[in-house]
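Please look over the structure shown here before reading the briefing that follows. The notes are grouped by topic.

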Amino acid sequence: MKQFFSFVIKEARHILRDRRTMLILFGMPIMLMLLFGFAITTDVKNVRTVVVTSQMNARTQAAVERLAQSEYFTIVATAATSREAELLIRSQKADMSIAATAGVKGGGPRWQIMVDGSDPNMAQQWATYAQAILAQPVASEAVSSPSSPLSGGVLVKLLYNPQMRSAYNFVPAIMGMLLMLVCAMMTSISIVREKERGTMEVLLVSPARPLMVVVAKAVPYLMLAFGILVVILLMARYVLAVPLAGSLVWIVGVSLIYILLALALGLLISSVAQTQLVALLMSAMVLLLPVVMLSGMLFPVESMPTVLQWVSALMPPRYYISAMRKLMIMGTGLREVATEVAVLTSMTVFFLTVALVKFKTRLE
Amino acid sequence: MNAIEVNHISKSYGKRVKALTDVSFTVGKGEVFGIIGPDGAGKTSLFRILCTLLLPDSGTALVDGFDVVGQMREIRRRVGYMPGRFSLYQDLTVAENLQFFATLFGTTVDEGYESIKAIYSQIERFSDRKAGALSGGMKQKLALSCALVHSPSVLFLDEPTTGVDPVSRKELWEMLLSLKERGITIVASTPYLDEVRCCDRVAFLSEGVVKGIGKPDEILEQFKDVFNPAGIDKVAESEPSANDSESDNVIEVSHLVKAFGTFRAVDDISFTVKRGEIFGFLGANGAGKTTAMHMLTGLNQPTSGTGRVCGFDIRTEYEQIKRHIGYMSQRFSLYEDLTVAENIRLFAGIYGMKDAEIRTKTERLLQRLDFATHADDLVASLPLGWKQKLAFSVSIFHEPGVVFLDEPTGGVDPATRRQFWELIYDAAQRGITVFVTTHYMDEAEYCDRISIMVDGKISALGTPSELKRRYDQPDMDHVFTYLARQATRSSD
Amino acid sequence: MTLKYLIQKEFLQIRRNAFLPRLILLFPVVIMCVMPWVMNMEVKNIRVDVVDNDRSTASQRLVRAVEASSYFIFNGQKGSYAEALRDVESGRADIILEISDHRCLIAANAVNGTKGSMGSAYLSQIVQAHGLAGVEAAAPESAHMSAASAPSVLTLYNKHQNYKLYMIPALFAIVMMLLTGFLPTLNIVGEKEAGTIEQINVTPVSKWAFILAKLIPYWIIALFVVTASLLLAWAVYGITSAGPIWLIYVLAMLLALFFSSFGLVVSNYSQTMQQAIFVMWFFVVCLLLLSGLFTPVRSMPAWAYLTTYVNPMHYFIDAVRTVFVRGGGFASVAHQACALLAIGCAMAVWAVQSYKKNS
């Protein structure tokens, strides 16, 4: 037992002495939370609009005013012709242009909206918002924010995230990414480093049991991962005002399974890799990239081709992120995440077994 | 009862490399057994098999009565092992390293203190310093302390004294012999002949085959062409003549100081080196040799004092100095992933040599070194001795005024060391000044003049015969020991 | 000309490495073949639960319309709202359409805001188009009116609303960033760990020659990577640049200048590979997220928007999309190119300054 603690202390010292890595490990979640919470949004805001003035009159002017006064659009320029407006959009001076043409007899003006379609999603949203504002009856001059462009006659209720804050979506994903990174990548690198430097030989020949060596190495990273988990949860709750709707016990419980899974993966990598560089690249390629790309963190899994959906089904973080979204944001009970928990648990058991069987007590 | 019994062990890596072939020997309890032989003889593989780190392809071995294949756990509980490439945890302090290894072996620093006192007391002063900040020889001493802090029944040491100064090596062996009295069996490999003579019996291993086992003197006699190559005939010792003009000084140093905080690594040294001289720069581990050399080669700025190398100020004109010197560092520093020819071409190109010139000189060099067939081999695949010869040849390829060699022959076997010194003489004759540090005292005898650094100061300077006369000692080894034992500050 | 020998050495080392040549060849291929399929933020395949309390012909017509829509996956009818909500909670459905008493309630899972809002917007469009009798009856007049004056929308450039077209220029940036950013980062730290840098430091090699020799191979790799990416975009997706190709090369080279220099700066300040990689990764993630690659920069709050002025990734993405998607010429991206050049040069000077031959 004394050996075990001295091991844990040694490992903790390694972590604490490398200030820069520590700074990054705790700086990263804080930075990501702030960026996703405040900076990165897909809200329609400050869309740079050009007004084509060729056929303007008082009525259309009023509509343009409405547009300008909304927080969604900013009029950045006026252009004489549509052609000129298009040029402005092409050189990224504007995103959208509106032009009025003489309407049908007696009716209102006919609007033509030109929108930069490079980003299809945003283009569509801009157009929808602009349409809604322009189509508002002239009578209701009072500029109401178009909370209704989406509803029009139908009652729309956005569940769990009524303000559509992207933080709700990203907090679980950040947890999935960072826990994997800290546990798998750091553990594997720290084991491989001992191999590379030659200290592993001494550790193996010492009376300490190899399994104890490995477990003792994992403990500080486990604690580090918990520290990061706490930082993320606290920031989510108090800085980003993301509700922790579900039971905290289960959130931590499922995270624990996931952390164990990540440790097993790290151990597996360390028994395959011979140099730090390989361990680093393997964890980056095999763990980090798929987590970011295929787990539904940034890009929805449903929109991928079937083959990639299958690949994504093999990614542990996908289940963790999905479970966390349900537990944390939607506030469901354990019953709803039973599938995810079952998959995670069986993956953990599988990888842990393979890692322990594969762990080498001798050199190659 | 025998502590170790090795029966017909063979081991090969892949199909081509045979590391060990049918190796058999026994070691009695409480014996000090030496394993000697050139690089690549299979010493490290043998150690690893005995420590249960590798599985032999065939044959059996018993350590302390337990089988290395089947009873791994029993053996690991009873042996101590210090690998040749033992590296400490660089980011832990000296004390933390020692404490960690003590706990790992199930003992405490206090309990094991007696057995490591001789070595550890020298570094104890720096117990709060990180291991990564220690000098090369110091790290080795700490590693030894870590390996010896417990008292196993069998101790395996794979070249434990590489880079350790002669005084400390003597102290280490005195310590090992005291362990022997406590009944601990010791198996060690070493390239130093004086250490070989400390063993009870030695096995000479060459190309994976045991060529002979016996008393050290018998083996050294039997294979004397390997271990005791005839000394080099020194070109008539050029006693410095009085009429040498000032301009003939290639290196002039006066009152040079380098301080790290309050610690003065180099403390007010002054000396001159003449053109074509072989200048031996000796000193115990951490006496400040490497730091002084870094200042002379323009890697470090001096704290105070002046120095000129090839007529350029080391403080301001260090980039010009670099044009006129060659340097070979303690760590082997050619590019391992380039071939022999590519390394030569790269460094020649860096010094601005023309393509045609490079080609003809490369050919000549490879011929002289007998490397012609290995021109396209990766440097990583060469044995250590070859690498060192190559690194030296590369460092003088551009005909520099001075070449600085920092422990160029550490861990190299005697025969190869001799060849290395032939190259040095060759260079000196062509007018290249050689500035060399070494821990081999036989090499010190080869130098024209030597200085011995103690505690950052130069405490003796002169030709080897002068120094022997002055301190009334039979050979350089004794001169060195006499001076180094006067050190007040422990090496760092 | 010592530079020649140093560059030769760098190439030999890259070639000798067991891993790097394969990485450089395969990485762009894999990224270009897989990522456009992944980086698809199109909202698609939304699963709808319908709770029909009305059971009128109108409501059934609406249900059929939802079923027919290619946009939604009809997940079946549920008996009650509570039952449907459980479906949402366990992740089997994304959106609920409840029809009762001539009124419609659309409840969308908005944890993913974009998906929730776009899904509900589409669904309400369908509801309006196949409107219930009640809704229709309410104001036929005004419905007609608004139809007449409904603004027409003309989508420029990406007419088929193809997400791949939007993402492929962004992928150029990601591939460049990973290859020309991370490889140099590992380079100098690698020499530090191997000890060879000490040997170089005692030679008369000038700082500029040494750093340039480290940079140039990565620019050449960058050239290869851009060519490969452009060819793959054309061969696999049939997508070609709308603007001049040379401009894309110029922009890519400028980005490579920045990232390779930045990598060397990080490398110069780091002691170990792990440190270098972590620091680099931190900055890369920040640059990437704030670059407008995934989300529009103008939606950001003012403080975050300010950072885009020094974010080379933002200038590159902006410019390369202008050229590739919108077909802009040099005049359209001159401002971004100048900014990239300035930031890149500043970083290169820093890389040289931070490399110390004498301490």
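A residue is called buried when its relative accessible area is under 20%, exposed when over 50% and partly exposed in between, with a 1.4 Å probe and protein chains only. By that rule, 62% of the 359 residues of chain C count as buried. This is a predicted model, in which local features need pLDDT of at least 70 and side-chain atom pairs count only at pLDDT 80 or more, whereas totals for chains, interfaces and linings use all residues. Residues are numbered from 1 along each chain as its sequence is written, chains are lettered from A and ligands numbered from 1 in the order in which they are written, and side-chain values use heavy atoms, with hydrogens and water left out.

**Chain C as a whole**

- Chain C has 15 helices and 5 strands, these being DSSP runs numbered from the N terminus (helices are H or I, at least four residues; strands are E, at least two).
- The domain assignment, which is automatic or from a database, divides chain C into domain 1 (2-39 + 161-354) and domain 2 (46-149), and the centres of these two domains, taken over C-alpha atoms, are separated by 46 Å.
- Where contact means heavy atoms within 4.5 Å, 78% of the contacts in chain C between residues at least 6 apart in sequence join residues at least 24 apart.

**A buried glutamine in chain C**

- C:Gln336 sits in helix H15 (residues 330-354) of chain C, and it counts as buried because its relative accessibility is 3%.
- Apart from neighbours within four places in sequence, C:Gln336 is in contact with C:Tyr315, C:Asp318 and C:Ala319.

**The largest cavity**

- A cavity is a set of points, on a 1 Å grid over the protein atoms alone, where a 1.4 Å probe fits but cannot get out, and its lining residues have an atom within 4 Å of a point.
- The whole structure holds 10 cavities of 30 Å³ or more, and the largest cavity contains about 730 Å³ of space, a volume being the space filled by probe spheres set on the points.
- Of the 35 residues that line the largest cavity, A:Leu288, A:Leu289, C:Leu178, C:Phe182 and C:Trp281 lie nearest its centre.
- H10(A) gives the largest share of this lining, with 8 residues.

**Confidence in chain B**

- The mean pLDDT (the predictor's confidence in each residue, from 0 to 100) of chain B is 84, and 94% of its residues reach 70 or more.
- Over residues 236-244 of chain B, however, the pLDDT is below 50.
- Where pLDDT is low, the predicted coordinates should not be read in detail.

Notes
1 Å grid on protein atoms, 1.4 Å probe; cavity = no way out; pocket = protein on both sides within 12 Å on 5 of 7 lines; lining within 4 Å.
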